[in-house]
Amino acid sequence: MSVETETMPRRVSGSSMLNNPTVRSIVIQVSLIVLLVGFTWWIVDNTARNLAAANIASGFGFLWSRAGFDIAITPIPYTSNETYGQALIIGVINTLIISAAGIALATILGFVVGIGRLSGNFLIRMLSTVYVEIFRNIPPLLVILFWYFGVLSVLSGPRGLEENAFGVYLTNRGLQIPAIIFGALAWASLAAFVVGIVAAIVIARRNKKHQLATGERKPLLWTALALIVGLPILVFLVTGLPAVLEFPTANRFNLAGGVQIRPEFIALWLALSIYTGAFIAEIVRAGIMSVSKGQNEAASALGLRRGQALRLVVVPQAFRVIIPPLTSQYLNLTKNSSLGLAVGYPELVAVGSTVLNQSGQSIEVVCIWMAVYLTISLSVSVFMNWFNAKMALVER
Amino acid sequence: MNSKLLTALLGMTIAGLAGGAASAQTLDTVKERGQLRCGVNTGLPGFASQNDQGAWQGLDVDYCKAVAAAIFGDASKVQYSPLSAVQRFPALQNSEIDMLARNTTWTMDRDTTLGLAFAGVNYYDGQGFMVKKDLGVNSALELSGATVCVQSGTTTELNLADYFRTNKMDYNPVVIEAQSDVNSAYDSGRCDVLTTDASGLAASRLEMASPENHVILPEIISKEPLGPAVRQGDDQWFNIVKWTHYALLDAEELGVTQENVEEMKSSDNPEIRRLLGEDKDFGASIGLSKDWAVNIIKAVGNYGEIFERNIGVNTPLEIQRGQNALWTKGGLQYGMPIR
């Protein structure tokens, strides 16, 4: 011991500091950061100076000047008197809406088709295979244009339509459905809905506890349905139907009133979902196939029915394989939503390119695009990583 | 189209890095390259479009040819870059093109904050509306509640918003990036109204399945002076494009045509002799040869000839000279004197 403590410091002081791994790694990291910061500063400074030399305005001040253009789909109030910044916020919200809607439908499609590809039924299996092989191999832009110009644009126009009792119209202006206008007492039904959900969760927890304690399973489905659906309807009837339906009516040019879902949204939504759904189907298939046959057999041996075996044994294990690539597909869908530009769905890139051209601030707008997509993608990643950790097999 | 835009923007950033060296001496660069790079519309009949042999033609295209002829004495030495509305300014700013002749409206904002310099107005235009005849609409003021197709990133888009707001009318905008997609959306019935510059409407109507079923409304809601633009910071190059435009106008005013330009050289008229470089070498002052204007007129004719050949009353567009007649005939086109 004493020999070692004496010789160690001597060796360090005698040789170069660079041989000390801690010092060396700190030196390398610090110099890398300095280089990176310096390089970034050099780029920014150089670009700013050259823009000034070419008489091109720069800076983010334009975000506060009047936009002057209208946007077709505005989830929050917007007029052409608002600023470029507000226009871009509308773009971000529209991107989030189309991504969320696309992810939901693509996931449903993907799971149905993925399980369908493993079905014992020849017809279902072949249909699923054909779907996957076709849509996986077509660029998403073509699928969008197909729906927009090939399907929705050739529908008949809104003029001279025969009225129907449901007030639902599918025209080349989109899908028009009646709007529900709630009266003053409608909040009671909403409150009943929330109460119903909370009560259903409480009962579900108690049932689970009961099952763990005694092994007896209590039926939940009908109780939950009665609480979540039945209770609000009951309250709605008791309070005297505080809502009216607003039906679309034809004016000189369009159908007015009701809720309009524009063909740009429908085309983009269907195309993104169908395209990404094909990839998710393959991921789901791979996930299920990764669970060894023995697991299924063991489940059967325990007396689980086929549906139960799938739900309780196979799918939880398949999820470990499914979730990481599924995350990539969700990110792809979010980024592909920028193709909405081609059909005029006002998402971030479409609105941004209008802002870019009206204001001339290309570099700034591109920076905003990159920052927003990076933020959205990282948020989705963080959520999916958390979900993945939660679904990971707890090994004992 | 999206990736093309991003490439253009990336290119702009890199051009920004490379330094401002590209700004001056455009003429030398063009001469060295042996070709003029000219940004034109992706397809607007009468202004810039490709015929069935793939050759570019149109009023804007003739301006590219005129500048090439002034420099090289050869109108074919042009490389055309078809650009969308969104792509056009970055393409000029990052030196992908030497000049932009793409029915672009001259506005103060573009002239001052984008680093552009407009060299003149080769077509005085204004924004109009086109609707289907069977709607029975006679005035733009009847359009409240209509769905309107418009190209994104244009002054048209801004005028549209202002016009409907100031007249307290509602509308549904359908905003699409490429004019051809805007036209097909209108033609398929996605919109009730198509709006763009009046000349563009006349051109777009030709692309409709049945042009006779569409009517252009009488209201002109804006001033759209369209003209060629160059980058700021190279005065010589700016002068070349500007004086090419004036030479075309002066030639029309003096009666110098593609056909008679050779015999006009021996004219007694001092104005004609100055234009054609017989008395004094004006070409030298802009870095060109003495017969620069002769080359222009030989290649494309004078302004009137360009107009009539591409968009005039004997073409499918059937556009009258109107505001684009010479000042001597009650129009706005006025060529500055060459002396």
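Okay, a definition to start: two strands pair if DSSP finds at least two bridges between them. The strands themselves are DSSP runs (E, at least two residues), helices are runs too (H or I, at least four), and both are numbered from the N terminus. With that in hand, Ala146(B) stands opposite Tyr171(B) in β10(B).

Before I go on, the housekeeping. What we have is a predicted model, where local features need pLDDT of at least 70 and side-chain atom pairs count only at pLDDT 80 or more, while totals for chains, interfaces and linings use all residues. Residues are numbered from 1 along each chain as its sequence is written, and chains are lettered from A and ligands numbered from 1 in the order in which they are written.

So, back to chain B and its sheet. β9(B) and β10(B) run parallel, joined by six bridges. They belong to an open sheet of five strands, in the order β10-β9-β11-β8-β12 of chain B, with mixed pairing. Which strands stand at the edges? Those are β10 and β12 (214-216) of chain B; each has a single partner strand, so one side of each is left without a neighbour in the sheet. On average, neighbouring strands here are turned by 30° against each other, direction ignored; the axes behind such angles are lines fitted to C-alpha atoms, for helices over the stretch in contact, and angles run from 0 to 180 degrees between N-to-C directions.

Now the helices on that sheet. Helix α6 (residues 155-166) of chain B lies across β8 (127-132), β9, β10 and β11 of chain B, at about 155° to β9(B). α7(B) lies across β9, β10 and β11 of chain B, and runs at about 160° to β9(B).

Let me stay with α7(B), residues 179-187, for a moment. Gln179(B), Val182(B), Asn183(B), Ala185(B), Tyr186(B) and Asp187(B) are buried there. By buried I mean 20 or more other C-beta atoms within 10 Å of the residue's own, with 12 or fewer counting as exposed, anything in between as partly exposed, and C-beta atoms placed from the backbone. What covers them? The cover includes β9 (146-151), β10 (171-176), β11 (193-197) and α8 (198-207) of chain B. Just after the helix, Gly189(B) takes a positive phi of about 100°.

Zooming out, chain B is divided into domain 1 (2-124 + 226-329) and domain 2 (127-222), with bounds that come from an automatic or database domain assignment. The domain centres, taken over C-alpha atoms, are separated by 29 Å. The contact between them takes 17 residues from domain 1 of chain B and 15 residues from domain 2 of chain B; contact means C-beta atoms, placed from the backbone, within 7 Å. The domain 1 side has 10 nonpolar, seven polar and no charged residues. For those classes, Ala, Val, Leu, Ile, Met, Phe, Trp, Tyr, Cys and Pro count as nonpolar, Asp, Glu, Lys and Arg as charged, and the others, Gly among them, as polar.

How do the two chains meet? 41 residues of chain A are in contact with 41 residues of chain B. On the chain A side, the elements giving two or more residues are α2 (21-53), α11 (348-359) and α12 (362-391) of chain A. That side divides into 19 nonpolar, 19 polar and three charged residues.

Chain A has a sheet as well: three strands, open, in the order β1-β2-β7, with antiparallel pairing. β1 (169-171) and β7 (259-261) of chain A are the edge strands, each pairing on one side only. Neighbouring strands are turned by 20° on average, direction ignored. β1(A) and β2(A) form a hairpin with two residues between them, and Tyr169(A) stands opposite Gln176(A) in β2(A). Strand β2 (residues 174-177) of chain A also pairs with β7(A), over three bridges. There, Leu175(A) has Ile261(A) as its bridge partner, and Ile177(A) has Val259(A).

Last stop, Glu264(A), which lies in helix α8 (residues 263-289) of chain A. Is Glu264(A) buried or exposed? Buried, because 29 other C-beta atoms lie within 10 Å. Leaving out residues up to four places away in sequence, Glu264(A) touches Val343(A), Gly344(A) and Tyr345(A). Ile144(A) is 120 residues from Glu264(A) in sequence, yet the two are 9.1 Å apart in space, C-alpha to C-alpha.

Notes:
Contact = placed C-beta atoms within 7 Å.
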